[in-house]
Amino acid sequence: MPDYTDILTETHGRVGLVRLNRPKALNALRANLLAELLDALKAYDADDAIGAMVITGNEKAFSAGADIKEMADATAVDLMDWGLSDGWHRISTIRKPIIAAVSGFALGGGCELALLCDLIVASETAQFGQPEITIGVIPGAGGTQRLTRILGKALAMEMVLNNRFLKADEALAHGLVNRVVPVERYLDEALQLAGEIAARAPVAVRLGKEAINSAYELSLAEGLAAEERAFYLLFSTEDQKEGMRAFVEKCAPEWKGR
Ligand code: CAA
């Protein structure tokens, strides 16, 4: 990995970890940070030695959102020229699973970044919110759409129109996060979960992620057809033969990723 300025990267077995690293700005997502994050995720996505990724911040903040100081004087055309939305969209094209390990603030674009991930492990101190209304705008990286799909209209309206924060236990109750653990354990828990997924049949993991995410884009009939095609496709992999052979022979499968 190159020397990044706004993120740190490290690998844990088959898991690639990205730490957002602007602690003095509560990991505000300036353009350079987003570009580095995308670059690192793409590198892990292309690396056969990596099976899953974790994005984290620090105990106080996963991220307090887009960098307000960077955006304050921007015009609409500046934002278009910077290709701001494009960067966010490209994170959703990463094919391997991404887990957000969230502690403290996950606000604005920070909340939206967590929502772009496939699973979320939260510490007991995690808080999710879309405070853009307090600075005269609305979420711009998917919050109005993804929160509404996950939480429903009533709660999404409160969050977006009236700066309602969700604490970790509420986020768990509403299905926004997968699990909540004590703050000392949130990163280890996320790494362990990522490690377990990374040890599974790689092509099946990738197609499973794709099929679930397509449920947000397609009608039920189209989604079922997409799932069916992916299911059949897996029967062309060596790993399907290996997995079913190992089950029948009562031994552990050895995945090849093809
Ligand atoms: N952008 C830029 N800088 C930020 C920031 C942000 N989103 N959030 C915090 N910071 C900076 C602060 O300016 C401060 O810097 P200085 O020390 O240089 O003054 C530093 O981080 C620490 O922040 P605070 O002193 O404010 O810390 P606090 O603990 O008192 O408050 C907070 C924490 C409630 C999260 C508060 O920082 C806050 O409200 N931040 C802004 C949250 C927000 O509105 N996010 C939405 C951004 S817009 C967006 O994300 C659009 C989108 O959809 C893509």
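Which residues lie nearest the centre of the second largest pocket? They are A66, M71, E132, V137 and I138, within a lining of 31 residues.

This is a predicted model, in which local features need pLDDT of at least 70 and side-chain atom pairs count only at pLDDT 80 or more, whereas totals for chains, interfaces and linings use all residues. Residues are numbered from 1 along each chain as its sequence is written, and side-chain values use heavy atoms, with hydrogens and water left out.

A pocket is an open set of points on a 1 Å grid over the protein atoms alone, where a 1.4 Å probe fits, with protein on both sides within 12 Å along at least five of seven lines; lining residues have an atom within 4 Å of a point. A volume is the space filled by probe spheres set on the points.

| Pocket | Volume | Lining |
|---|---|---|
| Largest | about 1100 Å³ | 38 residues |

Because domain 1 (7-198) and domain 2 (202-249) both give residues to its lining, the largest pocket lies between them, the domain bounds coming from an automatic or database assignment. Nearest the centre of the largest pocket are L116, C117, D118, N213 and Y216, and α10 contributes the most to its lining, with nine residues; helices (H or I, at least four residues) and strands (E, at least two) are DSSP runs numbered from the N terminus.
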